[in-house]
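Dear colleague,

Please find the structure below, with its sequence. My notes on what was found in it follow directly after.

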Amino acid sequence: MPRLFSGLIAGLLFGLGLAISQMISQQKVLSFLDIFGKWDPTLLFVMGGAVAVTALLSRVVLRRPRPLFERKFYLPDSSAIDRPLVVGSALFGIGWGLGGFCPGPGFASLALGRIEPWVFVATLVIGSQACKWLSSKPSAQHAGARDDQSAL
Amino acid sequence: MMQIPVSALIGGGLIGVSAILLLLFNGRIAGISGILNAALDPEETEGGWRLLFLSGLILGAGAYVWIRPDANPTPVAMPLWLLGIAGFLVGFGTRMGSGCTSGHGVCGLGRFSFRSLVATLVFMATGIATVLVVRHITGVV
């Protein structure tokens, strides 16, 4: 029960943060990526603010033997700079630059009364399932999905 | 000309606080693509907190826009098929690369993960290159 509640609280804060910082605006995001045009640095400050908090406090939290409501911390165990990481991130960046949505803002915008986030989230799920399907085929050499890293 | 956007810092700070609380309470990384993927995975049994996190994400942004309607952004005029391609690439790429702006960018960089730094630099670079091609070379959007 406390796990469910903290999930909800974290989600609420995340969604609120995205809306306050205007990251739910495709235009804002695309203008950040438009360094050769009229550049808008907003996203840099948003990420800076977020990383400042996580960088300061992650270590403090991880010094604990375990989280408050779980037996252990679920952290990504891979540190490899491999092809799936680079190719996957590259493809993600292309999609991000095309639509101006990454998963968080796209999903957070579902209740804003527009069709765009629904199209984005639906196709995102299809793309993700396609990757999972491809990487589950034994012959796939470029298999990238890591099932163990549910959190990242 | 370039003033420091306070709302960006406050909003970003809230996102950071959200990530820290999820780590402290549930021991989980606040990566949206990972949470969404696991929430849709039928083999994942403990999905309840993920569904509530995702609901909170919608409610948090929705509530803010409900209170301040001017914060509801106008969508960028683009054909829906193009947005569909964008969504497909984002879904495919974030699963293959094990993370997105939140998982690699906010949480990974905050944990000083070199892997996440590489991922973040790569998706920033291809995002910038894509906007360059779309806006300035082909001039579509």
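**The two chains**

Chain A has six helices and zero strands, where helices (H or I, at least four residues) and strands (E, at least two) are DSSP runs numbered from the N terminus. Its elements follow the pattern α-α-α-α-α-α along the sequence. This is a predicted model, in which local features need pLDDT of at least 70 and side-chain atom pairs count only at pLDDT 80 or more, while totals for chains, interfaces and linings use all residues. Residues are numbered from 1 along each chain as its sequence is written, and chains are lettered from A and ligands numbered from 1 in the order in which they are written.

The C-alpha trace of chain A spans about 50 × 45 × 30 Å along its principal axes. Chain A has 152 residues, of which 53% count as buried. A residue is buried if 20 or more other C-beta atoms lie within 10 Å of its own, exposed if 12 or fewer, and partly exposed in between, with C-beta atoms placed from the backbone. Among contacts in chain A between residues at least 6 apart in sequence, those that join residues at least 24 apart make up 41%; two residues are in contact if their C-beta atoms, placed from the backbone, lie within 7 Å.

Chain B likewise comes to six helices and zero strands, and its elements run α-α-α-α-α-α from the N terminus on. For chain B, the C-alpha trace spans about 45 × 35 × 30 Å along the principal axes. Of its 141 residues, 57% count as buried. In chain B, 41% of the contacts with a separation of 6 or more are between residues 24 or more positions apart.

**Where the chains meet**

In the interface, 103 residues of chain B are in contact with 109 residues of chain A. On the chain B side, at least two residues each come from helix H1 (6–26), helix H2 (32–39), helix H3 (48–67), helix H4 (80–96), H5 and H6. H1(B) gives the most to this side, with 20 residues. By class, the side of chain B that touches chain A holds 61 nonpolar, 35 polar and seven charged residues. Here Ala, Val, Leu, Ile, Met, Phe, Trp, Tyr, Cys and Pro count as nonpolar, Asp, Glu, Lys and Arg as charged, and the others, Gly among them, as polar.

Axes are lines fitted to C-alpha atoms, for helices over the stretch in contact, and angles run from 0 to 180 degrees between N-to-C directions.

H3(B) has 20 residues and reaches 28 Å from its first C-alpha to its last, close to the 28 Å expected at 1.5 Å a residue; the expected span is 1.5 Å times one less than the number of residues. The buried residues of H3(B) include B:Trp49, B:Arg50, B:Phe53 and B:Tyr64. Among the elements that cover them are helix H1 (2–20) and helix H5 (103–108) of chain A, together with H1 and H2 of chain B.

In H5(B), 10 of the 10 residues are buried, so this helix is largely enclosed by the rest of the structure. Its buried residues pack against H3 and H5 of chain A together with H1, H2 and H6 of chain B.

B:Thr101 is found in H5 (residues 101–110) of chain B and counts as buried because it has 31 C-beta neighbours inside 10 Å. Leaving aside residues up to four places away in sequence, B:Thr101 touches A:Cys102 and A:Gly104. B:Thr101 and B:Thr120 are 19 residues apart in sequence and 7.2 Å apart in space, C-alpha to C-alpha.

The axes of H5(B) and H6 (residues 114–137) of chain B come within 8 Å and cross at roughly 145°, in a left-handed crossing. H5(B) contributes B:His104, B:Gly105, B:Gly108 and B:Leu109 to this contact, and H6(B) contributes B:Arg115, B:Ser116, B:Leu117, B:Ala119 and B:Thr120. By class, these residues are three nonpolar, five polar and one charged. After H5(B) comes B:Phe112, with a positive phi near 55°.

Yours sincerely

Key:
A crossing is left-handed if the near helix is turned anticlockwise from the far one by less than a right angle, and right-handed if clockwise.
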